[in-house]
Amino acid sequence: MSSKLHKEIPIHWSEGRAVIKAEITADSIDHGVTEAPYERRFSPYEFNGGTVVAVSGTDFAVIAGDTRLSSGFEILSRNVSKLHKLTEKCVFASSGCKTDVDQLRSVLDIKMKVYAHNHRKPMSTTSVAQMLGNTLYYRRFFPYYAFNVLAGVDKDGKGAVYSYDAIGSFERTPLAGTGSGQAFIVPLLDNVITLKNRTDERPPLTSDEVVEILKDAFVTAGERDIYTGDSVEISVINSEGIHTQTFALKAD
């Protein structure tokens with residue numbers, strides 16, 4: 001025998017205050033329509049996971065991102081690139097909400113084309129960094145749910161990496177990382193690349209050495225972070241252009 005609960009639910013409408021008399025049974029399914037209305041929430045954002053990292057060198061920059069696209073505990077795709085080429089010397093990577101990332105990429109591509117048509121040359125890496133910061137800041141009251149890093153070589157041929165927050169604040173750093181695996185990868189890179197917690201000296205790393213370190217870093221993150229996996233896409237940027245390779249990670 002089911003127990004019943006009689007409840008008066010107050011409501012407010014244009015003609016004053018009223019109540020709804022509801023009879024709720026313990027074994028009934030309450031969908032919040034006819035018996036006991038409850039608050040519903042809507043969010044325009046969704047975190048689709050993933051990790052992106054960039055490292056600058058003397059005459060190169062390396063940027064990497066995994067290819068898993070997730071929603072909650074579900075893998076939506078195993079082959080979605082988080083890297084986006086803006087020029088022949090600059091690559092943009094982003095994790096966060098996939099729809100916002102796609103929209104941000106479209107806006108940046110349009111601005112890059114307008115600049116190229118007006119000035120008859122591609123935008124420099126430092127100018128792209130400033131443009132990205134301005135674009136994010138323009139949307140500061142309803143931000144893109146995208147966490148970004150930018151890598152390339154500057155006009156002097158030196159590697160450049162820029163780290164951003166959601167509303168456009170940015171700085172040039174030796175390395176940057178963001179996304180669901182940031183807490184696992186960045187401390188490792190602080191130790192083996194920038195030597196922040198070590199006193200021994202180490203000669204500058206080559207691009208091949210940085211690529212191997214990033215492979216190990218993403219393997220490490222994939223063991224701890226369920227949103228990082230499947231494969232990692234790594235792009236090396238230097239004066240000769242952009243060279244991209246893919247390295248397989250765990251698929252579970």
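The model is predicted: local features need pLDDT of at least 70, side-chain atom pairs count only at pLDDT 80 or more, and totals for chains, interfaces and linings use all residues. Residues are numbered from 1 along each chain as its sequence is written, and side-chain values use heavy atoms, with hydrogens and water left out.

**Whole chain**

Start with a cartoon of everything. The protein has four helices and 14 strands; helices (H or I, at least four residues) and strands (E, at least two) are DSSP runs, numbered from the N terminus. Of its 252 residues, 45% count as buried, where buried means under 20% relative accessible area, exposed over 50% and partly exposed in between (1.4 Å probe, protein chains only). Contact means heavy atoms within 4.5 Å. Among contacts between residues at least 6 apart in sequence, 58% join residues at least 24 apart.

**First sheet: S12-S3-S4-S13-S14**

Select these five strands, which form an open sheet in the order S12-S3-S4-S13-S14 with antiparallel pairing. Two strands pair if DSSP finds at least two bridges between them. S12 and S14 (241-248) are at the edges with a single partner strand each, so one side of each has no neighbour in the sheet. The twist from one strand to the next averages 10 degrees. For angles, axes are lines fitted to C-alpha atoms, for helices over the stretch in contact, and the values run from 0 to 180 degrees between N-to-C directions.

Zoom in on S4 and S13, an antiparallel pair with six bridges. Isoleucine 63 has serine 235 in S13 as its bridge partner.

H3 lies across S3 and S12, at about 165 degrees to S12. H4 packs on the sheet and touches S3, S4, S13 and S14, its direction making about 20 degrees with that of S4.

Show side chains on H3. Its buried residues are Ile185, Val186, Leu189, Asp190 and Val192. What covers them includes S3, S12 (175-179) and H4.

**The largest core**

A nonpolar core is a set of buried Ala, Val, Leu, Ile, Met, Phe, Trp, Tyr and Cys residues joined through side-chain atoms within 4.5 Å. The largest one has 23 residues, and Val55, Val62, Leu189, Ile193 and Leu214 have the most contacts inside it. Two or more residues each come from S3 (51-56), S4 (61-66), H3 (182-192), H4 (207-224) and S13 (231-238). H4 gives the most, with seven residues.

Centre the view on valine 62. Leaving aside neighbours within four places in sequence, valine 62 is in contact with Val53, Ala54, Val55, Ser207, Val210, Val211, Leu214, Ile234, Ser235 and Val236. Then move to a second, separate core of 20 residues, which includes Cys90, Met112, Leu132 and Leu150.

Follow S9 (residues 146-153), where seven of the eight residues are buried. With S8, S9 pairs in the antiparallel sense over seven bridges. Across this pair, serine 95 stands opposite phenylalanine 147, and alanine 93 opposite valine 149.

On to S10 (residues 159-164), which runs antiparallel to S9 and is joined to S9 by five bridges. Valine 153 stands opposite glycine 159. The two strands form a hairpin with five residues between them, and glycine 157 in the turn has a positive phi of about 80 degrees.

**Last stop: a cavity**

A search of the whole structure finds one cavity of 30 Å³ or more. On a 1 Å grid over the protein atoms alone, a cavity is a set of points where a 1.4 Å probe fits but cannot get out, and lining residues have an atom within 4 Å of a point. Grid points are joined across faces, edges and corners, and a volume is the space filled by probe spheres set on the points.

The largest cavity has a volume of about 80 Å³. Select Leu69, Lys82, Ser94, Ser95 and Lys98, the closest to its centre of the 13 lining residues. S8 (90-96) and H1 (98-119) each supply at least two residues of the lining.

Definitions and conventions: 1 Å grid on protein atoms, 1.4 Å probe; cavity = no way out; pocket = protein on both sides within 12 Å on 5 of 7 lines; lining within 4 Å.
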